Amino acid sequence: MTALIKAHKITKAFPGTLALDQVEFELLPGEIHALVGENGAGKSTLMLIMAGVYPPDGGELVVEGQPVKLRDPNHAQRLGISTVFQELALAPNMSVAENVFTHAQPVNGAGLVRFEEMFSATERALEVFGIKVNPRAPLRRYSVAVQQIVEIARAIQRQARALILDEPTSAIGERETERLSQVLRMLRDRGVGIIYVSHKLDEVFAISDRITVLKDGKLVGTVRTADTSPEAVVHMMVGRELDQLFPPRNGGQEDTVLEVRNLCGPGYTNVSLDIRSGKVLGVFGLTGAGRTELARGIFGIEPITGGNILIFGRPVKITDPRKAMNEGIAYIPEDRKQDGLFLEMSLLDNVAATCLRALSGPVFMHGSKGDALARDAIGKLMIKARGVAQRVSSLSGGNQQKVLFAKWLARNPKVLIADEPTRGTDVGAKAEIHTLLRKLAKEGAAVVMISSELPEVLGMSDRVAVMREGRLVALLDRNQATEERVAAYALGASGDGAAAYERTDNE
Amino acid sequence: MVRETSVALKGSDVPASSTDADTVQRSIGSRVGEIIVNILRIREMAMVVLILLTCVIMSIFSPYFLSLANFIAIARGFSMEGIVVVGMTMLLISGNFDLSVGSVMALSGIVTAWFMVKGDMPPPVAVLGGLAIGAAAGGINGVVVTRIGVNPLIATLGMMAIARGCALGFTSGHPVINVPIGFAWIGQGSLAGVPIPILIMVVVVLVADVLLRRGRALRQLYYVGGSPKAAKLSGINVNRVVFFAFVASGVFSAMAGIISMARLTSGVPTAFAGVELRIIAACVIGGCSLSGGEGTVAGALLGLIFMALVTNALTLFGVSIYWEGVVTGTILTTAVSLDMISRRRLRTS
């Protein structure tokens, strides 16, 4: 049988990382082939290469026996490869029908769109999923779940021979997920090949025929779903030697600085946690597990909808970031370019941003004070910069991250929440940031490190909190936190599933 | 998965860390060249060079250009706009802009004149009234933009029509005349040979420029315009900063409108139409960016001076004033295009 898509020795590098290293992948007609791996394993990159978004740096893509160089997603579509991207690519102001039929709209002899035909075809296409919508209504009136299904319906409607779905169930409910599975099986039986990218292992096991596991940009293996178990797949995904050195942990005094009780907000529910001085709390979970949302709630960016935040046992109302700052909380956001730095401003301006008042008199900024602060930061954090006036946009990723740290350290925070602090930095900068986090803990700060990298979480944390689908599913002491255990909780493959809330806290 | 993709997509513009090492190794000779390039890269310097060049060319071709009288005439011509430029610069730095400045100038001039002529109020009270009108107009713009979230284009376009409508409605379209002679001194008088409007503009520009460079309150405008999200997460009250910038723009417009009214000794409801485009053009030529975070008052004023010089050139060469728009528009588009091209070079090099 000729493979629909065959990826042969595909290699792709991005500055600083080798995203894919000689990866082999094959999609046969009439199979559902799941592609799994941790965050950063390279499954997105591989998917985007097969969808025609990125050209590979090396290797070959063979579509139905023909070697091809995909120019763009449109080219892939013409070869019969349809992709549903995770980010919705829809026109919210246009009708549902026009979103389903973006390409081959039915036309009459004069080239005018036959709307009635399109509307009824849309109704039929969506009925398969068990949802009734008005095909004439603008799409924005419907929920994200419906929009996700419209996106899938569009891909199916194109009569693709190969269908790539990237986390198709991330926004839809159980009922729609079940309908989707039925539709996918039906398509499979008609000979369509489906690539199913997901990190929900229960779904993967329920629907797929084969599973390919990627790790750190390399192929671990392809197995038949019937011959394997969730535990075995988790092991394939994370089984890795700890090859990085992490700074030694510190003992000593610990006090509960910040406590959240039954905290609820957009993206997380009922989270109870205590954050202690002198310690690093690692927060692990997959994308969408609610880690960042929880941090944003504590820092007052998105309002919380329930529960309490206590600082040294005192309930506080944090309604905006300034209140959080006044309580001694610092938050280093995940997206440093968007939310963290003022890229076109100088290093000095960036470091000074959180403490303008302290650096100025009634009217004027004290040039010397700010200058001293910035110089101090360059020295302490070993920032490689030409001087305090250098634009932050011209620094390397690791040095930008250090500037972001400097900006918050200028306030001497009691609680420091760092969201993916080493993302996009090289190995050297990573180690320096780890040392810095540990040093802050040693000096008495309560450090919270949110990370998607399991080795980092295990190497750095005194305790590990695991989140999944908006809930805190485990709070493990570092002795109990093993790779397999943490990953199993995060993936929901830990036997009893979400119900198994484990707390091995030695209190 | 979204995360993975976005990292990958962003990965391409992470600057290479090797550039630091390269700079260190460069020879002293190319350093000097680099310094010159860097000085010219400062927008104010580039503008000064451009203005001097224009002056040299003008003095060669026109015997009337190089005279104190001509320079004072030019300066008096743009002194009112120079005040408005200050408020507009603040707004542009914060990532906003104000189309209502011309209408607010006319309205506050009329209100001040009306207070003196019809209300028989002493001039200082009347002036305060006029400034209050400007502050109110700016305040409304600020509230509509920051609290309700209306785009500044729409919000200030609305205010542009409302203020103009008020000016025309209150006066039925007729100028308010017979302003007290003593008051006219603000617009017509001079101190040590320098016209009062020029003096006022110089003071306003100097104070604002220093405060934008060194003052805590106004530095916040750069943070807000540079990255509103990061500014909010750094504890800066973004809405308050933007609101203040709109009020400042309203007050400076009112100030300019009142001085113009004093100079003409009458409040003219149809005056200053289209002035907003000239002001925004001056700011952008002088280094402000419509996306915020960049610009200085000095640069914006130099942009205004450059435009005034070109207008003066048209007059001296006997070109009809009706052609002015063509020249202003061409300068604006050319300046911004050159800026875009040089930035693209910087990024790719």
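**Entry 1: helix α4 of chain B**

I began with helix α4 (residues 43-61) of chain B: at 1.5 Å a residue its 19 residues should span 27 Å, and its end C-alpha atoms are 27 Å apart, which agrees. I note that the expected span is 1.5 Å times one less than the number of residues. Helices here are DSSP runs of H or I with at least four residues, strands are runs of E with at least two, and both are numbered from the N terminus.

Before going on, I remind myself that this is a predicted model, where local features need pLDDT of at least 70, side-chain atom pairs count only at pLDDT 80 or more, and totals for chains, interfaces and linings use all residues. Residues are numbered from 1 along each chain as its sequence is written, while chains are lettered from A and ligands numbered from 1 in the order in which they are written.

Which residues of α4(B) are buried? I found B:Arg43, B:Ala46 and B:Met47. They cover an arc of only 100 degrees around the axis, so they sit on the same side of α4(B). The arc is that of the directions from the helix axis to the C-beta atoms. Buried means 20 or more other C-beta atoms within 10 Å of a residue's own, exposed means 12 or fewer, and partly exposed is in between, with C-beta atoms placed from the backbone. The face turned away from the buried side carries exposed B:Val49, B:Leu52, B:Val56 and B:Ile60.

**Entry 2: helix α4 of chain A**

Next I looked up helix α4 (residues 115-127) of chain A, which has 13 residues and reaches 18 Å from first C-alpha to last, close to the 18 Å expected. Its buried residues are A:Met118, A:Thr122, A:Ala125 and A:Leu126. They share one side of α4(A), because their arc around the axis is only 90 degrees. An α-helix has 3.6 residues a turn, so residues three or four places apart point the same way. On the other side I saw A:Glu116, A:Ser120, A:Arg124 and A:Glu127, which are exposed. What do the buried residues of α4(A) pack against? They pack against α3 (96-100) and α5 (144-157) of chain A.

Chain B has 16 helices and 2 strands, and buried residues make up 44% of its 349 residues.

Of its 251 residues, A:Leu46, A:Ile417 and A:Val486 touch the most other members. Helix α13 (residues 238-264) of chain B gives the most to this core, with 17 residues.

**Entry 3: two positive phi angles**

Most residues other than glycine have a negative phi. A:Glu469 has a positive phi of about 45 degrees although it is not a glycine. I found A:Glu469 in the loop between β19 (463-468) and β20 (471-477) of chain A. Having 16 C-beta neighbours inside 10 Å, A:Glu469 counts as partly exposed.

B:Phe272, also not a glycine, has a positive phi of about 60 degrees. Its place is in the loop between α13 and α14 (275-285) of chain B. With 25 C-beta neighbours inside 10 Å, B:Phe272 counts as buried.

**Entry 4: confidence in chain A**

Last, I checked pLDDT, the predictor's confidence in each residue, from 0 to 100. Chain A averages 86, and 95% of the residues score at least 70.

Methods
A nonpolar core is a set of buried Ala, Val, Leu, Ile, Met, Phe, Trp, Tyr and Cys residues joined through C-beta atoms within 7 Å. Two residues are in contact if their C-beta atoms, placed from the backbone, lie within 7 Å.
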